[in-house]
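Please open the model in your viewer and keep the sequence panel beside it. The tour below moves from one selection to the next and says what is found at each stop.

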Amino acid sequence: MKAAFRLLLLLILVLISEVNGQRRKPGRKPGLKPARPTPEPVEPTELPPPLPPGPPSVFPDCPRECFCPPDFPSALYCDSRNLRKVPLIPPRIHYLYLQNNFIDSLPEESFKNATGLRWVNLDNNRIKKLDRRVMEQMESLVFLYMEKNQLKEVPSFLPTNLEQLRLSRNQISKIPSGVFNKLEHLVLLDLHHNKLSDGVFNKNTFRGLKNLMQLNLAHNILRKLPPGLPSAVHQLFLDRNNIEDIPDDYFKEFPNLAFLRLNYNQISDKGLPKNSFNLSNLLVLQLAHNKLTNMPFINPKLEHLYLNDNSIERINGTQICPTALVTFQDLSSDLENVPRLRYLRLDGNQLKPPIPLDLMMCFRLLQSVVF
């Protein structure tokens, strides 16, 4: 009996020592420092992973990383999929959407069969330049969107059938000589929010753009109005530069100009000749956020005028009226020959109410005045 009790006691002691051994942390050898844990990276990877492939398409040639709508067989949607590379584009595709990815180049191999492309959207990628051989394959291209990339200059060897070229929000500081010479079909050129300076432009920069209707040079670093702008332009955007003055008869070179935007510049009365905006086809003139102290002379056909946030202190309606003022007795006369101004914005100046009576008598068709 005693022998059995001793054996049971010995067994209990062994079990207790095993449990204590498991709870005790292992000691480290003297003289050794503990290894530092590897710090977690702020961004585990530079780019997010590409999206997983979608379901099989009804089109056997549809890239798995893209979407081919069954009811729109000429379109390929590869946008917003975290792509690094352009997939192989099928020859049936006319409309290609690759915006919002991480593409940094356009390989010739990807476009070797895509000779019928008409619309390509590459907005918000990382493209720094375009390959000449790729551009030469896109003979039918009409619309090219490359906003928010990393271009340093306007791409050369652009397809001659191009009608719209959108290159805003890049880092463009150079326009190669002759780059627009063969783009006679181009109607829209958007270069806003780049790094274009006065030295980039000369009288031949835009040569070849015979049918350009809209030109956007806003938000660059211009101090002067560029020379040699296309004479066919209808809409001209030059806001958010550092333009200080306007040369005599500068805008007379554009007989079709209907919309002119010069907001957020440094234009003062000194740098503004009297008849700068006396243009028969001009309908909208925006001069907000400049340094004007007087209301400029305008053409009777102008319909919208923005002069807010200048330094205008007073307005003499008799002096600025583009036509002769009428008397109260003539207010009911024919309105065909009165100024066409319908919207006038004057807030943010140093004017005090009320609105001058002679101003209202001159612009009798005014529907809204922000004073």
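**First stop: the disulfides**

Begin by selecting C62 and C68, both of which are buried (buried meaning under 20% relative accessible area, exposed over 50% and partly exposed in between, with a 1.4 Å probe and protein chains only). What you are viewing is a predicted model, in which local features need pLDDT of at least 70 and side-chain atom pairs count only at pLDDT 80 or more, while totals for chains, interfaces and linings use all residues. Residues are numbered from 1 along each chain as its sequence is written, and side-chain values use heavy atoms, with hydrogens and water left out.

C62 and C68 are joined by a disulfide with an S to S distance of 2.1 Å (a disulfide being a pair of cysteine sulfur atoms within 2.5 Å). The torsion about this S-S bond of C62 and C68 is about 100°, so the disulfide is right-handed.

Next select C66 and C78, which form a disulfide with their sulfur atoms 2.0 Å apart. C66 lies in the loop between α1 (2-23) and β1 (75-77), and C78 in the loop between β1 and β2 (95-97), so the pair ties together parts that are 12 residues apart in sequence. Helices (H or I, at least four residues) and strands (E, at least two) are DSSP runs, numbered from the N terminus. C66 and C78 are buried.

Then move to C321 and C362, where a disulfide has an S to S distance of 2.1 Å. This pair links distant parts of the chain, with C321 in the loop between α3 and β12 (343-345) and C362 in helix α4, 41 residues apart. The search of the whole structure finds 3 disulfides, and with the bonded cysteines numbered in sequence order the pairing is 1-3, 2-4, 5-6.

**Second stop: the nonpolar core**

Which residues touch the most other members of the largest nonpolar core? Select F251 and L262, which do so among its 88 residues; such a core is a set of buried Ala, Val, Leu, Ile, Met, Phe, Trp, Tyr and Cys residues joined through side-chain atoms within 4.5 Å. The elements giving two or more residues to this core are α2 (132-137) and α4 (357-362). Around F251, not counting residues up to four places away in sequence, the residues touched include L225, L236, I246 and F277 (contact meaning heavy atoms within 4.5 Å).

Select N265, in the loop between β9 (259-261) and β10 (284-286), which counts as buried at 2% relative accessibility. The side chain of N265 reaches the backbone nitrogen of I243 at 3.0 Å.

Now go to L307, in the loop between β11 (304-306) and α3 (317-320), which counts as buried at 0% relative accessibility. Leaving aside neighbours within four places in sequence, L307 is in contact with residues including L287, M295, I312 and L346.

**Last stop: confidence**

Finally, colour the chain by pLDDT, the predictor's confidence in each residue from 0 to 100; the chain averages 88, and 85% of the residues score at least 70. Residues 18-29 stay under 50, and the model has 1 contact beyond four places in sequence for them. Where pLDDT is low, the predicted coordinates should not be read in detail.

Key:
Polar contact = N/O pair within 3.5 Å; in protein donor to acceptor, adjacent residues only side chain to side chain.
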